[in-house]
Amino acid sequence: MTEYDPASTKPSPTDWVAQQAELYESSGGTQGTEIHGSPCLLLDYRGRRSGDWRRTVLIYGRDGEDYLIVASKGGADDHPLWYLSLEHNPDVHLRVGTERFAAHAETLSPQDKARVWPHLVEVFAPYEEYQRKTSRDIPVVRLRRTTG
């Protein structure tokens with residue numbers, strides 16, 4: 001398993017995600033901070049098989065001091081790979097705007113998801129359609145800042 005170094009994270013294999021992450025990071029968090037008008041963050045996570053650090057760009061909502069991300073994969077019937085990795089390795093690193101910090105990921109309970117879902121749909125309306133088009137219950141993940 002590799003030690004965390006933000007400069008050596010592996011980019012997303014999806015071109016637009018990799019390009020946006022590069023712009024976000026290279027600008028120090030001053031550019032590339034939105035997707036379709038919604039705020040986004042950089043999530044650096046450890047791959048569940050390789051142990052390598054990987055980076056993706058995700059829209060986020062807030063719940064108090066915590067950040068919320070949605071494992072929607074556009075309403076696909078399977079979870080995104082980053083979500084599967086978080087289940088195995090919940091300690092992550094975030095860049096939100098100009099700030100970088102460590103966080104711990106936790107999937108919300110059905111009750112907590114129901115409470116925050118309306119806010120997340122306000123942040124990014126397509127989430128509602130994504131949930132309708134799949135039989136999979138789309139997970140919502142809480143990212144809570146840690147001191148490490």
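Modeller: Happy to, and keep in mind that this is a predicted model. Let's start with D63 and R115, which form a salt bridge whose closest N and O atoms are 2.8 Å apart. D63 sits in strand 4 (residues 61-63) and R115 in helix 3, so this pair links distant parts of the chain, 52 residues apart.

Now for the rest of the charged pairs. The structure holds 14 salt bridges. One of them brings together the side chains of K10 and D52, at 2.9 Å from N to O. K10 lies in the segment before helix 1 and D52 in the loop between strand 2 and strand 3, so this bridge ties together parts that are 42 residues apart in sequence. Here K10 is partly exposed, at 37% relative accessible area, and D52 is buried, at 17%.

Then there's D44 with R55, a salt bridge with its closest N and O atoms 2.7 Å apart. D44 belongs to strand 2 and R55 to strand 3, eleven residues apart. D44 counts as buried at 0% relative accessibility, and R55 counts as buried too, at 8%.

Terms used: Residues numbered from 1 in each chain as written. Predicted model: local features only at pLDDT ≥ 70, side-chain atom pairs only at ≥ 80, totals over all residues. Heavy atoms only, no water. Salt bridge = Lys/Arg side-chain N within 4 Å of Asp/Glu carboxyl O. Helix = DSSP H or I, 4+ residues; strand = E, 2+ residues; numbered from the N terminus. Buried < 20%, exposed > 50% of the residue type's maximum accessible area, 1.4 Å probe, protein only.
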